[in-house]
Amino acid sequence: MKHRACLLKEFSKPLVIEEVQTPTLKPYEVLIKVLAAGVCHSDLHLWLGDFIPQGLPKKLPIVLSHEVVGEVVDVGEGVPSSFRRGVKVLVYPWQYVEEDQLTIKGFTQLARKRLRLGIDVDGGLQEYLISNYKFLVSIEGIEDIPALAPLGCAALTTYRAVKKARTFVEPDDYVVLIGLGGLGSYAAQWIKLLIPYSRLVGVDVRDEAIEFVSKITNVDVVVNASKEDPTKVLNELTSGLGVKAVIDLV
Ligand SMILES: [Zn+2]
């Protein structure tokens with residue numbers, strides 16, 4: 001079987017759509033028809049060749065995108081019935097070959113043998129993708145499929161930061177969030193969900209970003225840093241005591 005894929009063949013040159021061979025399923029693997037794939041700022045860096053000094057991408061040509069949702073169309077041996085044909089899934093992008101001391105503790109980003117989608121191996125800008133079933137999350141029942149794609153990157157990145165901040169934030173402490181764009185819009189929601197007893201201060205220089213995040217979640221204090229000095233505002237708010245946590249996404 002063949003399918004179409006969008007290939008990065010040369011840095012900073014247009015991606016090329018070509019027919020590629022669809023890999024055959026091995027045990028525990030699932031063939032996924034891609035329904036939506038996001039483009040992250042890291043994809044732009046990969047495309048420009050900014051990560052060449054770090055040896056990335058691991059291969060060329062490569063299919064970019066690590067933010068993928070799709071539908072199960074075929075399953076290999078040993079895949080549980082919960083991932084039968086027709087089930088819609090979010091693909092966890094920070095994949096690896098085998099468990100090691102770090103993956104077992106949840107630090108999958110530090111896995112010894114990484115298979116990160118769109119970075120080490122082909123990602124989501126193609127019609128079909130193969131993944132081990134253990135990296136799939138069922139999204140059955142959720143209607144807005146494309147909106148789920150960034151959950152594997154932007155939402156997870158900020159989830160980790162907010163979870164760490166939560167350990168030392170007490171009731172009524174201020175948490176400052178700098179940058180209310182793609183990552184910030186997730187971080188603001190995580191702060192309200194995971195540290196609901198804190199007070200959220202959102203800082204950005206763009207009115208449209210401040211407006212968007214204020215619309216999707218309850219930001220207690222907003223500061224447009226192009227119009228007022230955030231340090232002065234925070235000193236006044238806390239009577240000079242300062243804040244407990246600052247999450248800088250810029
Ligand atoms: Zn990303």
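This is a predicted model: local features need pLDDT of at least 70, side-chain atom pairs count only at pLDDT 80 or more; totals for chains, interfaces and linings use all residues.

Trainee: What makes the phi of S65 worth a remark?
Mentor: Most residues other than glycine have a negative phi. S65 is not a glycine, yet its phi is positive, about 95 degrees. S65 sits in the loop between β4 and β5; helices (H or I, at least four residues) and strands (E, at least two) are DSSP runs, numbered from the N terminus.

Trainee: Where is S239, and why is it called buried or exposed?
Mentor: S239 belongs to the loop between α7 (230–237) and β12 (245–248). Its relative accessible area is 66%, so S239 is exposed. S239 also has a positive phi, near 50 degrees.

Trainee: Which residues coordinate the zinc ion?
Mentor: They are C40 (SG), H66 (NE2) and C153 (SG), at 2.0 to 2.3 Å. Donors are N, O and S atoms within 2.8 Å of the metal (3.2 Å for Na, K and Ca), so these atoms qualify. Water is not among the atoms, so sites may look incomplete. The donor spacing in sequence is C-x25-H-x86-C. Distant parts of the chain are linked here: H66 is in the loop between β4 (62–63) and β5 (67–75), and C153 is in the loop between α3 (145–148) and α4 (154–166), 87 residues apart. H66 and C153 are both buried.

Trainee: How many aromatic pairs are there?
Mentor: The count is 5. Rings of Phe, Tyr and Trp (its six-membered ring) pair if their centres lie within 6.5 Å; planes under 30 degrees apart count as stacked, over 60 as edge-to-face and the rest as tilted.

Trainee: Why is the pair of Y92 and F135 called stacked?
Mentor: The ring centres of Y92 and F135 are 6.4 Å apart and the planes are at 15 degrees, so the pair is stacked. Y92 is in the loop between β6 (88–91) and α2 (101–104), F135 in the loop between β7 (128–132) and β8 (136–138), so the pair ties together parts 43 residues apart in sequence. Y92 has 24% relative accessibility and therefore counts as partly exposed, whereas F135, at 5%, is buried.

Trainee: What makes the pair of Y96 and F135 edge-to-face?
Mentor: The planes of Y96 and F135 are 85 degrees apart, with 5.0 Å from centre to centre. Y96 is buried, as is F135. There is also a cluster of Y28, F83 and Y133, linked by ring pairs.

Trainee: Which peptide bonds are cis?
Mentor: Among them is the bond from L56 to P57, with omega near 0 degrees. The bond from L60 to P61 is also cis, with omega near -10 degrees. P57 is in the loop between α1 (41–48) and β4, and P61 is found in the loop between α1 and β4. Most peptide bonds are trans.

Conventions: Residues are numbered from 1 along each chain as its sequence is written. Side-chain values use heavy atoms; hydrogens and water are left out. Buried means under 20% relative accessible area, exposed over 50%, partly exposed in between (1.4 Å probe, protein chains only).
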